[in-house]
Amino acid sequence: MKKLLALLLALLCAVGVSASTLNGRILGDTNGDGVVNIDDALLLFQNSILPDVYHIDYPGTLDVTKDGKTDIDDALLLFQYSMLPDVYPIEWGVTPDVPHPETVTYEDYIAMGDSEQQAFIASFDTLSDFFAWLANAKAEYDENNPGHEIGGDGGIDLGGGN
C-alpha cells in the first residue's frame, strides 16, 4: 500500500496540473516551468517565510485564497490544488484596474497603495521596463518641480527650511 501511495504521489508531482492563463501567465506556476505542481507550492511556502531569499518574480497573481495577501495559506491551497485540483480548485482573483504607464505620473505612483503599486509594476513586461519608467517619471517630476521632494508618506516637501 505504501508503494502504491508513493507511486501515485510521484506521478502527481511529475505530471503537474493544467491551470488557466492570463496575459501569458499560468496561475500558480511560481517557478515559471509551465506547469503547476508541488514544486510551485514549495517555492510559495519558502517565499512566504523568507521572501528575501526565495524571491518569486510573479507579482499580483499568487493570492489564490483571495484574501488580499500572499502567504502560507496560499502555499497550502496551491499544494492541495497540485495534488487534487478537482477538490481544491484555484482561479484568478479579481484583477484591479491598472492604469497605463503613459497616464501615470511619478506623484501618482508614489500615492498608490502597496497592492496598487504591485499591480502597476506587474503591468510591465519586465522589471527593467518598470525601473526605466520610474527613472524617467522621477526625472520628469524633478525637472518640473525643482526643490520639491515627495516623501515616503506621499507628502510633498516644498523646501525652504522649517
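**Figure 1. The exposed residue E143 in the predicted model.** E143 has a relative accessible area of 67% and is exposed, since the cut-off for this class is over 50%. The residue is placed in helix α6.

**Figure 2. A negative surface patch that includes E143.** The patch is formed by E107, D108, E140 and E143. Helices α4 and α6 are the elements that contribute two or more residues to this negative patch.

**Figure 3. The aromatic pair of Y106 and Y141.** In the pair of Y106 and Y141, the ring centres are 5.7 Å apart and the planes stand at 40°, so the arrangement is tilted. Y106 belongs to helix α4 (residues 106-111) and Y141 to helix α6 (residues 127-144); the pair therefore ties together parts that are 35 residues apart in sequence. Y106 counts as buried because its relative accessibility is 11%, and Y141 counts as buried at 4%; the cut-off for this class is under 20%.

**Figure 4. The aromatic pair of F120 and W133.** The rings of F120 and W133 are arranged edge-to-face, with 5.0 Å from centre to centre and 70° between the planes. F120 lies in helix α5 (residues 114-122) and W133 in helix α6, so this pair ties together parts that are 13 residues apart in sequence. Both F120 and W133 are buried.

**Figure 5. A cluster of aromatic rings that includes F120 and W133.**

Definitions and conventions. Residues are numbered from 1 along each chain as its sequence is written. This is a predicted model: local features need pLDDT of at least 70, side-chain atom pairs count only at pLDDT 80 or more; totals for chains, interfaces and linings use all residues. Side-chain values use heavy atoms; hydrogens and water are left out. Rings of Phe, Tyr and Trp (its six-membered ring) pair if their centres lie within 6.5 Å; planes under 30 degrees apart count as stacked, over 60 as edge-to-face and the rest as tilted. Helices (H or I, at least four residues) and strands (E, at least two) are DSSP runs, numbered from the N terminus. Buried means under 20% relative accessible area, exposed over 50%, partly exposed in between (1.4 Å probe, protein chains only). Patches are made of residues with over 30% relative accessible area and no salt bridge: like charges are joined within 9 Å, nonpolar side chains (Val, Leu, Ile, Met, Phe, Trp, Tyr) within 5 Å. Accessible areas come from the Shrake-Rupley method with a 1.4 Å probe; for residues, only the protein chains shown count as cover. A salt bridge is a side-chain nitrogen of Lys or Arg within 4 Å of a carboxyl oxygen of Asp or Glu. Lys and Arg count as positive and Asp and Glu as negative; His and the chain ends are not counted. The place of a charge is taken as NZ of Lys, CZ of Arg, CG of Asp or CD of Glu.
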